[in-house]
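Hi everyone, thanks for coming. Let me put the sequence and the model up on the screen, and then we'll walk through a few features together.

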Amino acid sequence: MMLLNMSLQADQISEGYVILLTGLLIVFSALLILSLFFQFGLPLMLYVYRIITKGRDKKIKDIPMSADENFTGEVAAAISTAIHLYLNEQHDDENAVLTIKQARKLYSPWSSKIYGTHQKLK
Amino acid sequence: MDLKPIDTSLILAKKHKMKKILLIFGVLSLLIFIRPALGFSSDANPKDGITSVEAQPNVDQGEGVFTNAVHGIEQFYNYTGFANATWGHIIMILIGIVFIYLGIKFDYEPLLLIPIGIGVIIGNIPFVAGNQTGIYETGSVLNYLYFGVVKGVYPPLIFLGIGAMTDFSSLIANPKLMLLGAAAQIGVFGTFLGALYLGFSLPEAGAIGIIGGADGPTAIFLSSKLANGINILPDGTTVKNLIGPIAIAAYSYMALVPVIQPPIMRLLVNKEDRKIRMKPPRAVTQKEKMIFPVVALLLTTFISPSALPLLGMLFFGNLLKESGRTERLADTARTKLIDIVTILLGVTVGASTQADIFITKDSMMIFALGAISFVIATMGGLLFAKFMNLFLKGDNKINPLIGASGVSAVPDSARVVHAEALKSDPHNYLLMHAMAPNVSGVIGSAIAAGILLSFLA
């Protein structure tokens with residue numbers, strides 16, 4: 001029985017190594033394909049899209065290939081943080097003085113009964 | 001004398017009344033006696049009841065009430081937590097309190113540790129089984145809430161929220177960092193092998209291994225499919241229910257990322273490398289952001305279809321965020337929905353640690369393996385980042401520290417990397433760069449879960 005258990009465990013471990021290797025390979029290949037797509041495939045697709053949607057008057061060489069190198073994610077982050085802070089700050093500048101407006105309600109059939117009780121009979 | 005006639009009339013009236021009373025009494029007594037014969041009887045054994053009351057002498061009645069009261073109190077005591085408490089319960093309750101303390105005092109993932117901590121306490125209040133109280137008793141309220149964990153309902157909903165929160169732009173800007181997320185998955189497979197050597201069966205080892213993915217929902221999802229206490233192994237035995245220990249291990253180590261990772265970073269990355277400044281990532285267009293979830297969904301799920309519930313919801317959530325047209329849905333997914341699911345998930349996972357089921361040798365081994373898996377995953381990411389640096393030149397070199405964020409504890413491990421880099425160079429901000437391997441780690445661990453599921457289910 002113990003021998004059987006040991007052989008079963010040995011089987012399991014050898015299967016475990018198979019899963020280890022294939023699993024790692026698949027994870028790597030999946031993310032590699034994804035990264036290759038975004039490195040090369042997507043820019044190409046966007047370029048093709050630009051060619052398709054370009055106006056008649058434009059020529060292919062007019063279409064800029066690369067994005068603005070100076071405009072980095074950090075610049076975008078700085079701009080969005082500034083906007084976020086500004087919008088947050090706006091709330092603080094709100095006028096804190098509360099005024100209570102006296103509302104004189106016009107006659108309405110919905111409130112006529114209540115309205116009637118407040119009127120003096122003439 | 002005019003009083004006499006009045007007297008007679010009074011006597012006559014009295015006699016009449018007496019007759020009436022006697023008649024009514026007679027009819028009533030007749031009814032009582034012949035009641036069983038007429039079939040009016042409402043109680044099953046009225047005679048027994050009457051005799052038992054009659055048989056008890058007046059003196060004994062007082063004593064009987066007293067003994068009954070004592071007996072009642074005794075019985076009540078037997079139902080209380082004080083009578084049923086074991087050391088296991090007390091230890092687990094203390095652990096729950098420690099979780100809450102860690103969450104409040106040190107701010108270690110309080111959104112997880114506080115619900116889990118209170119869940120641990122709820123799950124370990126001692127009770128008498130059979131009253132539909134406990135989380136493992138069919139029909140109890142907690143059992144219904146636990147359904148979402150056992151059937152893997154909650155994890156995809158959490159992933160929907162994560163997708164709606166995550167900004168993949170740093171990943172799109174620098175796609176090669178995706179490989180770091182893959183490298184950290186060595187923790188999953190390394191732990192899987194370790195669990196096999198410790199004698200766990202293949203599906204159990206797979207579920208334990210995913211702790212190395214450092215992703216709570218993924219760990220719950222996989223363990224609910226592989227180690228749920230229902231599946232039958234090839235040798236005829238039932239697989240163990242390890243959802244509780246695995247979930248607790250995954251979440252507690254995720255909370256402990258700020259403690260586990262920095263020493264490994266300092267050990268494997270020298271001071272010079274820690275100071276490497278990375279080129280700021282380029283700005284990513286909205287079009288790219290919108291294409292990313294669709295393409296990534298197609299590519300990853302075609303490779304690993306078993307991860308569909310997780311990856312499908314992750315990229316769906318991300319498309320809600322990036323499409324620009326479904327802000328309302330994205331907003332619900334990343335705030336209310338994920339909050340509701342986190343509350344239910346945290347408290348039920350916590351409550352699933354009922355002492356008699358939780359405190360076992362297996363749980364202890366799972367905790368040890370979980371710690372090792374985090375270490376292996378971190379090392380895998382760091383070493384692969386160093387390996388990548390061998391092929392990269394000049395500006396393109398990456399700071400090896402960001403390899404550590406390949407474990408998918410979002411965004412904690414990225415924050416830890418950022419803090420660690422600041423210690424060596426106070427002006428080196430790595431957070432944006434570290435987010436790239438961090439989010440690819442989420443994708444990577446979901447793919448790894450899918451692979452394990454397709455091999456072992």
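At what angle do helix H11 and helix H12 of chain B pack? Before I answer, a word on the model: it is predicted, local features need pLDDT of at least 70, side-chain atom pairs count only at pLDDT 80 or more, and totals for chains, interfaces and linings use all residues. Residues are numbered from 1 along each chain as its sequence is written, while chains are lettered from A and ligands numbered from 1 in the order in which they are written.

So, H11(B), residues 186-197, and H12(B), residues 202-209, pack at about 140°, with their axes 8 Å apart. Axes here are lines fitted to C-alpha atoms, for helices over the stretch in contact, and angles run from 0 to 180 degrees between N-to-C directions. The two helices are therefore oblique, the word for anything that is not under 35 degrees (roughly parallel), over 145 (roughly antiparallel) or 65 to 115 (roughly perpendicular). Among the residues making the contact are Phe189(B) and Phe192(B) of H11(B), and Ala205(B) and Ile208(B) of H12(B). In contact means C-beta atoms, placed from the backbone, within 7 Å.

Now chain A, which has three helices and zero strands; helices are DSSP runs of H or I, at least four residues, strands are E runs of at least two, and both are numbered from the N terminus.

Finally, the two chains meet: 31 residues of chain A and 43 residues of chain B take part in the contact. On the chain A side, H1(A) gives the largest share, 24 residues.
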